[in-house]
Amino acid sequence: MNGLQKTKLGLTCGILATILLATSGCGGEKKPQPVPEGARVLLTDGDRLGPNFEILTIESANMAADRSISFIASRTGTENLQGVFFRTPEGNIRTVLSPDSNQTGNVIPDQIRKLNMAQSGEFGFSVGDKLDSDAVFYSDGYETTLVATTDSDEPVPNFRVLGQLRVEEGGILAFSDG
């Protein structure tokens, strides 16, 4: 089995490519997962991302051609709130969206999903309950833009997220709404 095949198997446990974001388990009883040979663990459960965010679990991750990574993590505590983070190719971690930010309006960041990253490093994600509180964001890791939300009729009237989200180089974000 080559390294790529090993990596694809590892993705179900929160492991990404050969530079890895790792979680303690894949649901059920938490057991440490073995790290594939030649891999490096970059983040794991219990690591801190700023003063108010201790990682409970890493939910989703994507890697660009330059090895920058976008990922969704949930934090420890009574509420299962999530954040979106960006790891630069040099290893610096930037907060894109956190429970403490005011970027989401009335949409509570407890259901962040559909993280998708272009090979160029640009990425998008949605936040909300898929019904009456949805928002779609675009980011290059340094600046984050609210693309559409149910909180307002601007820029998309009667907005609701449906289907998948796709991001391409040059700020192109494709998704269906209804």
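**Briefing: fold, burial and aromatic pairs**

The chain has 1 helix and 10 strands, where helices (H or I, at least four residues) and strands (E, at least two) are DSSP runs numbered from the N terminus. This is a predicted model, in which local features need pLDDT of at least 70, side-chain atom pairs count only at pLDDT 80 or more, and totals for chains, interfaces and linings use all residues. Residues are numbered from 1 along each chain as its sequence is written, and side-chain values use heavy atoms, with hydrogens and water left out.

**Chain organisation**
- Along the sequence, the elements follow the pattern α-β-β-β-β-β-β-β-β-β-β.
- Of the contacts (heavy atoms within 4.5 Å) in the chain with a separation of 6 or more, 35% are between residues 24 or more positions apart.

**Burial and surface**
- The chain has 178 residues, of which 42% are buried, meaning under 20% relative accessible area with a 1.4 Å probe, protein chains only.

**Aromatic pairs**
- The whole structure holds 6 aromatic pairs, counted for rings of Phe, Tyr and Trp (its six-membered ring) with centres within 6.5 Å.
- The rings of phenylalanine 125 and phenylalanine 137 are stacked (planes under 30 degrees apart), because their centres lie 5.2 Å apart and their planes are at 15°.
- This pair links distant parts of the chain, 12 residues apart: phenylalanine 125 lies in strand β6 (residues 123-128) and phenylalanine 137 in strand β7 (residues 134-139).
- Both phenylalanine 125 and phenylalanine 137 are buried.
- Ring pairs join Phe125 and Phe137 with Phe86, Phe123 and Tyr142 in a cluster.

Notes: Buried < 20%, exposed > 50% of the residue type's maximum accessible area, 1.4 Å probe, protein only. Phe/Tyr/Trp six-rings, centres within 6.5 Å; stacked < 30°, edge-to-face > 60°.
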